[in-house]
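Student: I would like to look closely at one part of a model and then see what surrounds it. Please put it on the screen first.

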Amino acid sequence: MSKKIRTEAVDYLFSAVLSLKDKEECYTFFEDICTINELLSLSQRFEVAKMLRERKTYLEIAEKTGASTATISRVNRSLNYGNDGYDMVFARINGTDKK
């Protein structure tokens, strides 16, 4: 079930995101491009990933974030078998990026 995501349209979107200068610009852009529910879902997944890396249990994560066990499981699968995108960003946020 591999969908091709490397398209011109996705490249253009990523260029737009990379052009944002600060958190306020992110709010402005993402409030326009996403629905509130889409944005909340993305932030929930990111919080789930953070808590999984902190070795929290599914029950703790579900209680704090409201995420379903299916969502937690999907995020966990991405952390374990994905492209290491979450870990790359966590390292940068925490100042432990080796690049």
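This is a predicted model: local features need pLDDT of at least 70, side-chain atom pairs count only at pLDDT 80 or more; totals for chains, interfaces and linings use all residues.

From the N terminus on, in what order do the elements of the protein chain run?

Tutor: Residues are numbered from 1 along each chain as its sequence is written, and side-chain values use heavy atoms, with hydrogens and water left out.

From the N terminus on, the order is α-α-α-α-α-α. That is six helices and zero strands (DSSP runs numbered from the N terminus: H or I of at least four residues for helices, E of at least two for strands). The C-alpha atoms of the chain fill a box of roughly 35 × 35 × 35 Å along the principal axes.

The T65 side chain reaches the backbone oxygen of I61 at 2.7 Å and the backbone nitrogen of A67 at 3.1 Å. Both are polar contacts (N or O atoms within 3.5 Å, one able to donate a hydrogen and the other to accept it; residues adjacent in sequence count only if both atoms are side-chain atoms). Apart from neighbours within four places in sequence, T65 is in contact with Q44, E47, V48 and M51 (heavy atoms within 4.5 Å). E8, by comparison, is 57 residues from T65 in sequence and 34 Å from T65 in space, C-alpha to C-alpha.

I61 also takes part in the packing of α4 on α5, where Y58, I61 and A62 of α4 meet T69, I72, S73 and N76 of α5. Helix α4 covers residues 58-65, and its axis lies 10 Å from that of α5 at an angle of about 115° (lines fitted to C-alpha atoms over the stretch in contact, with angles from 0 to 180 degrees between N-to-C directions). The crossing is right-handed (the near helix is turned clockwise from the far one by less than a right angle). By class, this contact has four nonpolar, three polar and no charged residues (nonpolar: Ala, Val, Leu, Ile, Met, Phe, Trp, Tyr, Cys and Pro; charged: Asp, Glu, Lys and Arg; polar: the others, Gly among them).

Helix α5 has a further partner in α3: their axes come within 9 Å and cross at roughly 65°. This crossing is right-handed. The residues in contact include Q44 and V48 of α3, and I72 and N76 of α5. Six nonpolar, four polar and two charged residues make up the contact of α3 with α5.
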